[in-house]
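I opened this notebook to keep track of what I looked up, and in what order. The sequence and structure come first, and my entries follow.

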There are 2 protein chains.
Amino acid sequence: MIRAAELIQRKRDGEELPDEELAELILGYARGDVPDYQLAAFCMAVFFRGLSERETFVLTDAMVRSGETIDLGSALGRKVVDKHSTGGVGDKTSLAVAPIVAACGVPLGKMSGRGLGHTGGTLDKLESIPGFRTELALDEFVAQVREVGVAIIGQTADLVPADKLLYALRDVTATVDQLSLIAASIMSKKIAGGAQAMVLDVKVGDGAFMRSLETARELAETMIALGRRAGREVVCILTDMDQPLGAAVGNALEVKEALDTVRGQGPTDFSALVLDACGKLLALSDLGVDEAEGRRRAAEAVADGSAESVWRRWIEAQGGTPDESALPAAPVVRELPAPAGGYVQRLGATRVGNAAVHLGAGRRTKEDTVDHAVGIVCHAKRGDRVEAGQPLASVHARDETAADVAAREVLAAYELGSEPPPERPVLLEVVR
Amino acid sequence: MIRAAELIQRKRDGEELPDEELAELILGYARGDVPDYQLAAFCMAVFFRGLSERETFVLTDAMVRSGETIDLGSALGRKVVDKHSTGGVGDKTSLAVAPIVAACGVPLGKMSGRGLGHTGGTLDKLESIPGFRTELALDEFVAQVREVGVAIIGQTADLVPADKLLYALRDVTATVDQLSLIAASIMSKKIAGGAQAMVLDVKVGDGAFMRSLETARELAETMIALGRRAGREVVCILTDMDQPLGAAVGNALEVKEALDTVRGQGPTDFSALVLDACGKLLALSDLGVDEAEGRRRAAEAVADGSAESVWRRWIEAQGGTPDESALPAAPVVRELPAPAGGYVQRLGATRVGNAAVHLGAGRRTKEDTVDHAVGIVCHAKRGDRVEAGQPLASVHARDETAADVAAREVLAAYELGSEPPPERPVLLEVVR
């Protein structure tokens, strides 16, 4: 018998819970023996009291044990690396990184999630490609990673079921933004997914869960410690999410931008981040290269077209049409001219993300369907100089009314000024 | 639509919630539109953030509005008074107060609850009387109060359903001991029950929810403020619960002690508290007397036998046999001699209450059944001088094994010393 009420009370009163009892609370919840309302009260108590590093590991481990785990490394006979982002606006990094890394000879098999709220999800982006299948059986998944070098699929129901339940519960009980719970959710999926080494991109700023560099650093350190306890190498990059990443926000628009980047024609900020992540992944892999050499090889794969070839083979392997002409396009494209000349001081990521949600590119509730064609392309970004009348951004909408609403929101996201703003790089910090 | 997750988050972040939205959260919960897990997270957020006086009133009022209310005053054409206790060990005050007050010409119709944990419930005590019915229809209840002057029944399902749901939820989510939630629970039932004036007995000490005089005072002030907003007069007495009240702990044993007290043969501490409460109730009533006169009339009703006559009529009206010989008796009665001579320094109420639960007099879980015959009678109480071998207490048990366990627990509750302990009166403070 799990004495759930007693455990809730002990956490509420600030106690560190014994390993076995905490694990049993989570496993009991996953089995359906502990009801939602007790876990809801528990998560709120954790929100106020926190979890120790040890408790966070026990929670993570119990979540991993709640379902199946995948040993992709053994199946491939290779050291397996993975890349994950805490989520942001315009973050299509995985789409570009995966084929580049694979082109360098390092397989990348990844399970991804859907978007909720103002941040998009990798699966939603991939599903804008006509025919693309995100639900492969596990053996298909492994076979594709072996043959093509890349596969990105939805998380299977058998992997970390406790996290699925817990995440859905936290989402409706105001207990999402707790550092230990976020770290356990991310790391349980990475550990169960079988990655031996990983690059975790912690987004920081207006459009991210982590608003400050301090909390982002704390999350990074928590995840690195969890990885260490589970025998996994973790490198965290803290990257800017005060403004959207790259130019495109919206599913098909982001796929096109990822493909452009794989071809060496992507936006500067996004391309730099992609190559940096590739360098780190190759350095973590079994290639035996350092980061500088990894980065050089990644740049080469982009320059010589091998990354684009992998992209085509990957998309085709999952049933999709790899040509960008096949991507859905929105009927209304509205250019937003700058109301005055000046330097872009700020481009609020949350506002742009919300504009994309209003257009239909994201979900307000889990039941919403996504319009893959719509979105926003930000031509001018922080620090750029624009003249009055020059296009700041374009809105891709289903109809004129939706375009009106989104246009107002996007224009409000832009802040212009007469002096250039202080520089803020995309890559803010690396934590190992 | 109730945006429950948003309200939880705002409370979590320390905001005072708008009246309408808070009320709708509670009413939505009572209707089944807001799930248990959201209220569980909400209650835990309230545990950490508290509720303002205004929020506590809105909560109380919404709980009242979640069901039916009774206007006993209009039905009787009288000002209606009520008495309530926050619960303690050996607290049979209502059983003695009701017939005495009624004998003085003030009707008392009361809805009571069952016990859980180490404190007993008035309904359980009354049900130890053979034939006694605690479930009367509302019109039977009103008619009995009119004709006999007293009725005590179980709370009907239609009265404050939100409190029933919320209390059951708090019980399993470690959110019981929060002052505003306790105050709202008590006051919603008193307000819906129709009392225009009331004496609330807030127990303080080892065997009570409120461990310190400070928190008890705070609870008293919260309930008085809630009463004032709802147009009810509230007088709070803060009374000692470091040791059991009176001598008897256990259902039939307590009924007998209440009857003894109604006859003027009760234990000193308990009798004094009963007469004090009666004086306050009569002063709050429409008799137009002050407390001293109320107390004199109550003492007279005890002395002249009129209170005992009302007791008999009351018990018979609810189907019970009023003679004490009809009460169930336990087969094993074990006297516990003092291991040494000395003054009783302490008689731990929780320990005695737990011993009674072990004997079967109380419930560990809501599903437990109660053994009405068993219990403990404490012959010696704090400050009493005992000689070695003189009986400290007697244990009334179903069998010898149960008596052994309870005897050990009761003996451990007694602390003897060579000097008399500092005096601590039963009535610690009055808050108005």
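Which residues are buried in α4(A)? Before answering, I noted that this is a predicted model, in which local features need pLDDT of at least 70 and side-chain atom pairs count only at pLDDT 80 or more, while totals for chains, interfaces and linings use all residues. I also noted that residues are numbered from 1 along each chain as its sequence is written, that chains are lettered from A and ligands numbered from 1 in the order in which they are written, and that side-chain values use heavy atoms, with hydrogens and water left out.

**Entry: helix α4 of chain A**

I found E55(A), T56(A), F57(A), V58(A), L59(A), T60(A), A62(A), M63(A) and V64(A) buried in α4(A), where buried means under 20% relative accessible area, exposed over 50% and partly exposed in between, with a 1.4 Å probe and protein chains only. Helices here are DSSP runs of H or I with at least four residues, strands are runs of E with at least two, and both are numbered from the N terminus. I then looked up the length of α4(A), which has 13 residues and reaches 18 Å from its first C-alpha to its last, close to the 18 Å expected at 1.5 Å a residue, the expected span being 1.5 Å times one less than the number of residues. The buried residues of α4(A) pack against α1 (4–12), α2 (19–31), α9 (161–171), α10 (179–192) and α11 of chain A, contact being heavy atoms within 4.5 Å.

**Entry: salt bridges**

I searched the whole structure and got 90 salt bridges over all chains, each being a side-chain nitrogen of Lys or Arg within 4 Å of a carboxyl oxygen of Asp or Glu. One of them joins E53(A) to R229(A), with the closest N and O atoms 3.3 Å apart. This pair links distant parts of the chain, since E53(A) is in helix α4 (residues 53–65) and R229(A) in helix α11 (residues 213–229) of chain A, 176 residues apart. E53(A) counts as partly exposed because its relative accessibility is 46%, and R229(A) is partly exposed too, at 39%.

I next took D240(A) and R382(A), whose closest N and O atoms are 3.2 Å apart in a salt bridge. D240(A) lies in strand β5 (residues 233–240) and R382(A) in the loop between β9 (375–378) and β10 (385–386) of chain A, 142 residues apart. D240(A) and R382(A) are both buried.

**Entry: where chain A meets chain B**

I looked up the interface last, and found 22 residues of chain A in contact with 22 residues of chain B. The two chains bury about 1700 Å² between them, 72% of it on carbon and sulfur atoms; buried area is the accessible area (1.4 Å probe) that two parts lose on being put together, summed over both. R12(A), Y37(A) and F48(A) supply 37% of the area that chain A buries against chain B, more than any other three residues. Two salt bridges are counted between chain A and chain B, and R12(A) meets D177(B) in a salt bridge of 2.8 Å, N to O.
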